[in-house]
Amino acid sequence: MSRSIELDRVGVTLNGNEVLREVTCSLSAKRIAVIGPNGSGKSTFARLLNGLVTASEGKIRVFGHDPDRDGKRLRREVGFVFSNPAVQLIMPTVREDLAMSLRGRGLARADIYARVAEVIAASPLAGRGDDPVHSLSGGQQQLLALLGVELIEPRLIIADEPTALLDLVNSRAIAARLLAVDAPQLVLVTHDLDLARRCDLALRFDAGRLVEQGHPDQVVDSYLASVSAE
Ligand SMILES: Nc1ncnc2c1ncn2[C@@H]1O[C@H](COP(=O)(O)OP(=O)(O)OP(=O)(O)O)[C@@H](O)[C@H]1O
């Protein structure tokens with residue numbers, strides 16, 4: 001199987017702060033959990049993969065592209081879900097926001113709205129197409145953000161703590177949707193260790209280093225052991 005995500009001794013320094021160092025990995029697993037303490041570099045790692053953060057050292061390739069040089073192209077194939085959906089919902093209504101995801105792809109307006117209508121009808125937001133985005137609950141907004149990402153049929157979805165702001169019911173709904181999503185690959189940054197265990201591979205960061213990668217049960221257990229040893 002081809003390795004879709006490859007990092008070779010990647011370092012990231014932001015404003016003089018060495019945030020990631022010597023990160024090397026070669027990833028082909030379908031659902032990849034990224035775990036570790038606050039400030040360990042998980043979000044920075046996630047953002048590297050679609051060019052939102054630039055590597056200061058080393059080499060990075062995602063589907064063969066350098067995210068720094070080919071970021072624009074890569075972002076057509078890589079969808080990003082943030083903790084706070086408000087940062088990615090930019091249009092006034094549910095329908096318009098979803099339509100925005102498909103702009104710039106050479107599709108006719110009528111085809112875009114037909115596809116959007118299908119997606120809304122098949123989702124828990126059925127009947128809410130004309131509703132203002134700000135009238136949706138936090139859970140509904142996160143669902144809308146995820147639907148917008150799914151619409152572009154990405155090869156990779158990166159989700160950075162997508163359930164952090166949600167209650168238990170909505171967390172479970174978003175988590176279940178992400179784990180079942182049709183995209184070939186998912187990178188999921190999370191503090192929800194039960195969710196991490198349901199992935200196919202886990203990466204553990206600590207103090208800017210990738211300290212472990214392997215079966216999620218093993219990686220989560222050693223993370224728990226490292227925390228209780230402190
Ligand atoms: N723009 C920046 N300039 C300087 N330091 C930064 C910048 N962005 C992040 N950092 C630092 O990099 C470190 C890693 O941050 P990052 O957000 O990647 O961690 P994280 O593991 O995702 O944390 P959390 O679990 O709290 O979200 C932190 O110490 C943070 O303060």
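## Helix H3 and its surroundings

Helices here are DSSP runs of H or I with at least four residues, numbered from the N terminus. In this predicted model, H3 is followed by Gly104, whose phi is positive, near 75 degrees.

Helix H3 itself covers residues 94–102, and its buried residues are Val94, Arg95, Asp97, Leu98, Ala99 and Ser101. The cover over the buried residues of H3 includes two further helices, H4 (109–121) and H5 (138–151).

## Domain layout

The domain assignment divides the protein chain into domain 1, made up of 1–77 + 155–230, and domain 2, which spans 90–153. Between the C-alpha centres of domain 1 and domain 2 the distance is 26 Å.

## Where the domains meet

Contact between the two domains involves nine residues of domain 1 and seven residues of domain 2. On the side of domain 1 that touches domain 2, helix H6 (residues 168–180) gives the most, contributing four residues. Sorted by class, that side of domain 1 has seven nonpolar residues, together with one polar and one charged residue.

## The annotated span

An unreviewed UniProt entry lists residues 5–229 under "domain: ABC transporter". In the model, the C-alpha atoms at the ends of residues 5–229 lie 32 Å apart, and the span is 35% helix and 26% strand.

Definitions and conventions
Residues numbered from 1 in each chain as written. Predicted model: local features only at pLDDT ≥ 70, side-chain atom pairs only at ≥ 80, totals over all residues. Domains from an automatic or database assignment. Helix = DSSP H or I, 4+ residues; strand = E, 2+ residues; numbered from the N terminus. Nonpolar A, V, L, I, M, F, W, Y, C, P; charged D, E, K, R; others polar. UniProt positions renumbered as here; feature names shortened; annotations may be inferred. Buried ≥ 20, exposed ≤ 12 C-beta atoms within 10 Å, placed from the backbone.
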